[in-house]
Structure formats: C-alpha cells, structure tokens
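Let's take a friendly walk through this structure, moving from helix packing to a few individual residues. Have the 3D view open as you read.

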Amino acid sequence: MTDQFLDDPITGAPPGGLGVLDRAAPSAAEVAAWASERGMRRIETEPLPANVGALLRAAAREVPDQQALVFFDDGEILTYAELDRRVDRAAGALSRLGVGPGTHVSVMVFTDATYPVTWLALARIGAVTQPLNFNYTSRELHYMLSDSKAELLVVDASLLPVLEGMEHALLPRDRVVVVGEPAAGHASYPHRWQALLDAAPDRFEPAREPAHDDLMNIQYTSGTTGMPKGVLQSHRFWLTFGRVGAAQFQDRPRRLLISQPFYYVDAQWFLLMTLYMRATAFVARKQSATRFLGWLKEHRIQYCNFPEVVSKQPERPDDRATDMIVASCYSHRRENYRRYEQRFGFLARQGFSMTEIGCALYVPMEADAMTGSGTVGIPVAFREAMVADPAGKEVPRGAVGELCVRAKPGAPSSILPGYFGRPDASRDAFHPGGWFRTGDAAVQNAEGWFFYLGRRKDMVRRSSENISAVEVEGVLRGVPLVLEAAVLPVPDDQRGEEVKAYLLLAEGRAAADCPPEAVIAHCERNLARFKVPRFLEYVTEFPRTPSLKIKKSALIAAKPDLRAGCWDRQEGRWR
C-alpha cells in the first residue's frame, strides 16, 4: 500500500500521518493506565467462574428476584431465579434425550426466551450449541447441520418447512425438538419443547462440571468468501468475552437493550455481560429503526448497540430524554460520534470484535478526546494486538498492514483454537506466536491507537491508488436518503479497477428521489477525486451473511458484467 493512503485514511486530511487526531489527546499508554485503575486490567488477575452455568447459578443466588431478561414484545419477564430454574429444567429435559457433554445441538428459533434458555442449558450440561439463522433456506440449513455434525435440532414449528425442504434428511424425527405446534400437514415429531420442560425436574446438576476449555459453541462466521466456517468457542472464550464487556463500561449500565437475534454473537455476549453485572437485559423480538428511540426511553436503557440508521430518524426535542450512559457504535461514520453525543446525550464509543477472538480493541469511556477520531482503540484485557506484514512481522507505527490479535502469553488462551473440521483453515488463520490474522487492514499511529481501514481484500486498486471501501461507504451513508452502501472494485482496462457503489435507499424511496448526480456531488465534496465512485447501482435489498453483514461475494456473483444496469459517472448515462 502507498503512503498516500495513509495521508488520507478517512476524510482527506492533509499529509502528515493520521493528522485527524487531536495532538493534545493522551497517548494509548496513558489511557490504558486510566482504564487499569478502573478495572480493565484488574480483571486479568481475577478468577473466572468455573463455567457459564456457574456464572448464572451465582447470579441467581445473589439477586434471585432481580429481573434478568425482559421480552417486552412478548410480555415475558424472567428473574434470575426463574431463569436459573428454567435453564435447569431445560438441561434436564435435554439430558433425557441423550444430550450429554460434547453433544452437538443445533438451535433454530426466533428471538424469544427459547434461545437463551436452551443455550444456557446446553452450557450447563457441557453440550455444544450451533446457533442457526432463522432466515436460512433449506440448502443453507442442510449445509450447517451436516458441517457441524449436529446430533439434535431444536427448531421453531413455523420453520419446519425449511427442515422438510432439505434434499436429504440428516436427522431422524426423534432427534428434532419442536418449539410450538406445527401446522397441519407436517410430518409427526414426537418431541415438543414445552412438554419436555413441563416433565423435567426443577433442579439439574451435571454428572461432570464443564471445564473452561470445553467447547461451548460452534459459531459460524459470515462466509463472505466460500461457505461459512465453524468457529470453536469454549466456556473460557465466552466467560472472558462477557467479563471484558462489563469491564469495558466499568460495570455501570444496569439496563441493557438486546435488539439483535440470538444466533448472532452480539446478543449472546450482551446476555453474559448482563449476568456478570447482575443487570437486566430488555430484548426486542426484531430490530426496528423507527421504534428504537422509543425503546430507549420506555425501558430506561443505559447501554445498547446503536444502529447508524436510527440517527436518520427526524430529530425531536426529547432526544436526550433517556437514561443512556454509553452506546457501542461500530462502523459508524466518524463525524457521527460527536453528533450522537450532542443529540442523544450518551457517550459514543468504537471498538473491534470478531467471532474468532471476541472483544479485541476498545475506546475507553475516559478517552473523550478520541471521540470521532476514527480509532477503534487499544487492546482490552487478556489481548495483545499488532499490525503485521504478510510474514507476520510487526510493521513500524504509521505503516499499513494486517491487524493481528492474540491472547496474552503466559495464560490459557481465550480465543479460538481453530475452525471445526478445517485443519488447513485453522493453520492458515495464525502467524507464529499465536497471532490470529483478522484479515483486516489497519494502522497504529505514533500514540499507540489502532485504526481500522477495512478488509484487506475490501480495497479498490485504481491506477496506483489504494481506496478503502469502508471510507467510501461511510461517505455514501452520509447522503440523506441512503440507508446502506456497499463498494466493490470493477475491472477496468485503463485503470485496472474502478469504484462501484451499491445503494439501498430509505423505504419507499427510489433513484428519482436520490438521483446519481446528487450522490456524486456529495462524494465530490467529501472525497478525493480518484475515490469518487464511477458506477452506481440502486438495490431494494442486500444479500446478507449469517451475521447480517452485506455479502459482497453474492453481489459479485449476481451478474457477469457488474457495470450493467449502473449509472456511469464518466459517461453520464445508465448502462
């Protein structure tokens, strides 16, 4: 990569490294020292609970009547004592079906109490959960069940057509547990989830307590290229993930919002963070940009993962009338952070997490001077990070390379040991010394702060210039009617590659409401000329990965000529 790319990482700032930083800002080392005083480093010396089941048990003994989970769309509330009791009953019910330590169980249910209860029950047994996206097709479900070597499936009754639509049945009917009542015409399944719970005892004790390094999840990655891979996640992985999350926010939020589906890592992490803090998680059945601000106020939420699209809702005089303390705002445009703090009154913080490593980097709550700088922060407890060259050697500060993360040496590892059934992929994922290769381009500045620049493969090489798709997408999302954007390279005989942008507009809006000329004009005001997209395509929806990210490989495969059907800025016409 060229030095020019460093001159202008996000906003087109003048040369001189990452000149967007306030030079009066503290160094990463100074902020790390502050964070240590407030608990982030202290937790490295504190013993973890014996396992995830023990974490819940301890919380239920300490605060039995405290609300743990509030499913406000369903009108269901679980106290810590009731959650613990229900998890015990689920564990007993599943054990009667032959589920034991190491049994692989796939779970395909909607966002209600079923998933967290099942997940925690399987953890208490020592079994292995394989979360399934409830939007999967029969083909995708077949792949997941086969690849994970599932021995049992817990599935919502309304999703049985997906199961029965598979080309080949992978599980006999008595290895399927149905949540709810199937519609008429379905095959007979002997096991109903509620009946199993009703018949189970209130208390369950495993024959052997799961150990820290016992496998707990096979969590499939996004699969942006090829089919998804199953990340091996242990009890230690999840206990560390949840504890770091709580320490990241100084254990302060007492009311959290979970608006992501439970098959996604974030919702599971939020749940464990809630248990550590003896807090309450309010759970939405489905994400909603229009209802989100109302949820924050109605339920007096103090922490959430804040979607960028919510900020596009019209401003109201009472936008600051919430109990919010801090919000995670991953992958938002950097100029939004200060705007969020001014408009909504909460701290807006960035960070970096992955399915394979959990929390890796964070911007501490104390680091107000870094708000809006674009940094993803400094390493959390239990983690080290570096920017490396292709051989795994650390590059000088200010140079672009691949972000690599590892568990701190000298202690048991709390990141993935590898991918399920993929020894080659597991080997290739690491540099010597236990450094996990994230696949993301990054830079560490002179003060020690890390900056995320996008996927290493997610770059456009136009002539001799390297263009970050993340940067261009952030500018495009600044167009008032653009909800989401995706940027891809398009082959070009003259320049090697050109920039193409896909745009998803607000509901009910079309290209006539947000014409290409207006989009291009906005880009020209905010990007160097060589970064302005040549091709624009409007879409009504994006293909998604299991983690709901835009699946760019599907966009590439959609048609042989990616220029067809696009607005061509250079030619001033639709192609």
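Helix α3 (residues 52-62) and helix α10 (residues 265-277) have axes that come within 9 Å and cross at roughly 45 degrees. That angle makes α3 oblique to α10, and the crossing of α3 past α10 is left-handed. On the α3 side the contact is made by V52, L55, L56 and A59, and on the α10 side by L272, L275 and Y276. Sorted by class, this contact of α3 with α10 has seven nonpolar, no polar and no charged residues. Please keep in mind that this is a predicted model.

Now turn to α5 (residues 114-125). The axes of α3 and α5 are 7 Å apart, and the two helices pack at an angle of about 115 degrees. The pair is therefore roughly perpendicular. Here V52, G53, L56 and R57 of α3 meet L120, A123 and R124 of α5. By class, the contact of α3 with α5 has four nonpolar, one polar and two charged residues.

The two pairings can be set side by side:

| Helix pair | Axis distance | Angle between axes |
|---|---|---|
| α3 and α10 | within 9 Å | roughly 45 degrees |
| α3 and α5 | 7 Å | about 115 degrees |

Which residues of α3 are buried? They are V52, G53, L55, L56, R57, A59 and A60. The buried residues of α3 pack against α5 and α10, and also against α4 (80-96), β8 (215-220) and α9 (235-248).

**R124, a buried arginine**

R124 belongs to helix α5. Is R124 buried or exposed? Its relative accessible area is 4%, so R124 is buried. The side chain of R124 makes a polar contact of 2.8 Å with the side chain of D88. Leaving out residues up to four places away in sequence, R124 touches G53, L56 and R57, along with D84, V87, D88, F204, P206 and P210.

**A385 in strand β18**

Next, look at A385, which sits in strand β18 (residues 383-388). A385 has a relative accessible area of 16% and is therefore buried. Residues up to four places away in sequence aside, A385 touches L361, P379, L403, C404, V405, W435 and F450. A385 and C359 are 26 residues apart in sequence, and their C-alpha atoms are 12 Å apart in space.

T322 is found in the loop between β12 (303-305) and β13 (326-328). The T322 side chain reaches the backbone nitrogen of M324 at 3.2 Å. Apart from its neighbours within four places in sequence, T322 is in contact with L296, K297 and F344.

The remaining two residues deserve a look at their backbone. Most residues other than glycine have a negative phi. R278, however, has a positive phi near 55 degrees, and R300, which is not a glycine either, has a positive phi of about 50 degrees. R278 is in the loop between α10 and β11 (280-283), whereas R300 is in the loop between α11 (289-298) and β12. How do these arginines stand in accessibility? R278, at 15% relative accessibility, counts as buried, while R300, with a relative accessible area of 46%, is partly exposed.

Notes
Residues are numbered from 1 along each chain as its sequence is written. This is a predicted model: local features need pLDDT of at least 70, side-chain atom pairs count only at pLDDT 80 or more; totals for chains, interfaces and linings use all residues. Side-chain values use heavy atoms; hydrogens and water are left out. Axes are lines fitted to C-alpha atoms, for helices over the stretch in contact, and angles run from 0 to 180 degrees between N-to-C directions. Helices (H or I, at least four residues) and strands (E, at least two) are DSSP runs, numbered from the N terminus. Angles under 35 degrees count as roughly parallel, over 145 as roughly antiparallel, 65 to 115 as roughly perpendicular and the rest as oblique. A crossing is left-handed if the near helix is turned anticlockwise from the far one by less than a right angle, and right-handed if clockwise. Contact means heavy atoms within 4.5 Å. Ala, Val, Leu, Ile, Met, Phe, Trp, Tyr, Cys and Pro count as nonpolar, Asp, Glu, Lys and Arg as charged, and the others, Gly among them, as polar. Buried means under 20% relative accessible area, exposed over 50%, partly exposed in between (1.4 Å probe, protein chains only). A polar contact is a pair of N or O atoms within 3.5 Å; within protein, one must be able to donate a hydrogen and the other to accept it, and residues adjacent in sequence count only if both atoms are side-chain atoms.
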